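I have set them out as numbered points.

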Amino acid sequence: MITKAYQYLFAGLASCVMGAMLTACSDFLYEDSDQYIYAEDHALDSDADTLWAMAGIMNKMQVLADRTILLGEVRADLVDLTDHASADLRQMANFSVTADNQYNRPRDYYAVINNCNFFIARADTALRDNRHELIFRKEYAAVKAFRAWTYLQLVLNYGRVPFITEPVLSQADSERDFPMADLSEVCRYFIADLTPYANVETPGYASIRNTDSKLFYYPVYVLLGDLYLWSGQYRQAAESYYRYIATRGGTNSAYPLTTNAVRFMNNDSRWMSTQDSWSVMFQSEVNMQNGELITMIPGDSIPSEGNYSQLRDLFNTTENNEYQSSLQPSQAIRSLSAAQKYCQFTSGGEYILAPEGLKAELTGDLRLQAAYAEATGSDLLIRQDGKRIDHYAVFSKYQTRNVHILRRAAVYLRLAEALNRAGFPRFAFQILKQGVNNSVMETEVLPYYPADEAWLRTFNFPNTQYILETSAGQATENTMGIHSRGSGFSAQNPAYLFPEADGDLTSQIEQVEDLIVDEEALELAFEGYRFYDLMRVALRRADASYLARRVASRKGSLDPELLHKLSDTKNWYLRVEN
């Protein structure tokens, strides 16, 4: 039954559902589409209706974009606040969010859900065009994915939520009692709801503002993988992630990790010069078969338009924030990055570890210094008003107006997480260490799990499509371990080894899981994943301290008050009343 605290979520939804749904996604869809069609007796039975409806849903998705990132990072251990952070961000970081906090508006999630419910209920799924193709099928699958993704975000942040799968179209509808659903129930429902649409192609309305609209959608296979992963169905999760990788570009296509990395220059004996082909991927918003970016929420270009993302001004020092950013890397991510052992291939044909005593930003894994750069002191810029900027900070992951939600590395890391928990830690570890192709499977995976060989062979990574990185650096090489993106040649790194743990499988799984969690931090820091990654492992292990100790140590030392608060899992969730 719906609780009294949630009743306000539905106020006004019935009177504006179609008006909201048909509002344009500014800058990316139809700029002049400010007309309204009321919901009463209105069926979606033309391709024009399809475009308008999708535009309206995307418009509502824009409202969720910033908080998707901030709730995943500010509450976790990789981000710390500066002295200029708002009171709302401080509440978030301290797990004391009040009902009036701007990031605590569950009704915004239900605006997306209600519009999706309307589309799903009213779309004529049997309608065909003059080529006898189903008009609504691609959009229907995409809207179901939007709804599932939104419900997953909602339940992860609120714990237990009203579950509504029919549109709220009247005051009477909004006053009904709705059942409540928790994470397991949400996962179970949407696994069944999405499975029939896993193979349906995403819609495409060509390029809009030089951005391919196919990037606006969440892949059903990845979403199914996430739902299976959260619900502890690890083989099914691994299968779903793999199917996305194997079919992204069509049947039996390949989606290798690539060899984009941050590396020391090969001939730099002083260990001072780096080359970076990793952070440049965050600037690309082109939908390529082998592109890093998978899904984003498009943002407006003008702040006054209402759905302008504030993330650039929160993470970076900009003219808009008077060169006073709100967020910075925590001591925890600085320490984790510095603790990694970088492996270099020398001109003499050796693999060696980087020496001790390098300057801080070049110690350990190099991805942090590529993701975040700062400068202080007398060499800083002079502002237009003649004042000197005393601190300058740039996050390479936040340089466009659009909010990136999913990228390739996250899919590979979740695949590793699922495989590990399915009982195959050696398979998972190879994704981190050297990458996977069929040769790696034959030598490093299959010999250790003979009873499961048939299932493991369903993960087909052809050697001709997944070509492992070597020291030769041939142009055809496209596969490396994720750890190699920032820590050098991990395949040959003597300090990065599989934890044997005396052959104890349970111990191996937990130790590899810890390595995966560390790799998720090194690769995906600041992108909105972190709190949920920690939550997932903590819930899986039934150990609140797994999350609590890490978050309470974000500043480098343990905060006992925050540790105590987070030791109670009820405090992980937002509240809708004070």
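1. A word on element names before we start: helices (H or I, at least four residues) and strands (E, at least two) are DSSP runs, numbered from the N terminus. Please also keep in mind that this is a predicted model.

2. Let us begin with the overall search. Over the whole structure, seven cavities of 30 Å³ or more turn up.

3. Which residues lie nearest the centre of the largest cavity? They are Gln153, Tyr218, Arg414, Tyr529 and Tyr532, out of a lining of 19 residues. Two or more lining residues come from each of α2 (47-73), α5 (137-158), α8 (220-230) and α19 (530-541). Of these, α5 supplies the largest share, with four residues.

4. In the largest cavity, 11 of the lining residues are nonpolar, three are polar and five are charged.

5. Now to the second largest cavity, which has 18 lining residues. Nearest its centre are Phe282, Lys397, His404, Arg407 and Glu527. Which element gives the largest share of this lining? That is strand β14 (residues 403-407), with five residues.

6. By class, the lining of the second largest cavity splits into nine nonpolar, five polar and four charged residues.

How values were computed:
Residues are numbered from 1 along each chain as its sequence is written. This is a predicted model: local features need pLDDT of at least 70, side-chain atom pairs count only at pLDDT 80 or more; totals for chains, interfaces and linings use all residues. Side-chain values use heavy atoms; hydrogens and water are left out. On a 1 Å grid over the protein atoms alone, a cavity is a set of points where a 1.4 Å probe fits but cannot get out, and a pocket is an open set with protein on both sides within 12 Å along at least five of seven lines; lining residues have an atom within 4 Å of a point. Grid points are joined across faces, edges and corners, and a volume is the space filled by probe spheres set on the points. Ala, Val, Leu, Ile, Met, Phe, Trp, Tyr, Cys and Pro count as nonpolar, Asp, Glu, Lys and Arg as charged, and the others, Gly among them, as polar.
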